Amino acid sequence: MTGKKYFPQYSLVDGADDEVAKLLHRSKETRPHPKSRFLHVSLWLIHGVLIFITLLFFTLWAWAPSKDDILLYSPANEAIESIGIVRFNGTWDRPSPYRGSPSPDVEAAWDRVTADGRLMSITPEQLLAIGEEPAPFMAMCPEEYGGNYLATVEVIHQLHCINMVRQSTWGDHYTANDSDFIKNPSRWLIHLDHCIEILRQVIMCHSDVTMVTYDWVEGLDDPYPNFSVPHQCRDVEKILDWIDVHRVHLPSSKLVRLEGNVDLPSPP
């Protein structure tokens, strides 16, 4: 018995072989080679990575602090806040709570920002962070006041100095009742000279480059400088508030040498 022969149930029509061959040939032409596809995808990935890196570096550059933005460490840095651009009032005779002939109001204004030196204390860690190292000649608070190192904030000292210059312009009104002046006038003058030198260094350190223009003013022969110009300012009230929160109300009777303290041969 012969085996059955199975035939396909359809057959190609005339010319079909040529059409199939064409289709197969076209398929081979359009199908990308695996290596070519991998290379294509890799190029896009590399392109995307380069764009990401470029954007990352641009963002870091945009947010990076400039040399002028880098702050010397201070515990009070957390209180620094810009109030933006403030136009000074440089009018020759402009009233101000801080100027004018001696009066209780003027004294109260200056006392608010300079009185008592605004003493505070800083920890050994903070002392190291500001660039100083513990030394036996450094004043410290008694244990009942925290036992840390005695400190103040420079703006208080600078305001004290400009206040001393102000007081000196009113002559006998202040010096007549100033115990330091009465005890040692020459030493008082050295103190005043020290204050002027501190203020010079501060001004030259900050070197404000705000431009001041000149105007012609009726009755004046020469152009007059317009000191009412904008400046970038910090919020001094916020800094003063921070200082008051961190103050150590240490009576002068407690400002004594502690065990282990030694004296420097001269002021630093």
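Author: R118 is buried, with a relative accessible area of 6%. The model is predicted. R118 sits in the loop joining α3 (104-114) to β2 (120-122). Its phi is positive, near 50 degrees, and R118 is not a glycine. Most residues other than glycine have a negative phi. A second residue of this kind leads to the helix you asked for.

That helix is α8, residues 185-206. It has 22 residues. From first C-alpha to last it reaches 32 Å, close to the 32 Å expected at 1.5 Å a residue.

Take the buried side. W188, L192, C195, I198, L199 and V202 of α8 are buried. They lie on the same side of α8, because they cover an arc of only 115 degrees around the axis. Their cover includes α5 (154-168), α6 (172-175) and α7 (179-183).

The face of α8 turned away from the buried side carries exposed residues: R187, I190, D193, M204 and C205.

Then the end. S207 follows α8, and its phi is positive, near 40 degrees. S207 is not a glycine either. It belongs to the loop between α8 and β4 (213-215). S207 is partly exposed, with a relative accessible area of 41%, whereas R118 is buried at 6%.

A word on confidence. Mean pLDDT for the protein is 82, and 74% of its residues reach 70 or more. Over residues 1-13 pLDDT stays under 50. There the model has one contact beyond four places in sequence. Where pLDDT is low, the predicted coordinates should not be read in detail.

Note on methods
Residues are numbered from 1 along each chain as its sequence is written. This is a predicted model: local features need pLDDT of at least 70, side-chain atom pairs count only at pLDDT 80 or more; totals for chains, interfaces and linings use all residues. Side-chain values use heavy atoms; hydrogens and water are left out. Helices (H or I, at least four residues) and strands (E, at least two) are DSSP runs, numbered from the N terminus. The expected span of a helix is 1.5 Å times one less than its number of residues. Buried means under 20% relative accessible area, exposed over 50%, partly exposed in between (1.4 Å probe, protein chains only). The arc is that of the directions from the helix axis to the C-beta atoms. Contact means heavy atoms within 4.5 Å. pLDDT is the predictor's confidence in each residue, from 0 to 100.
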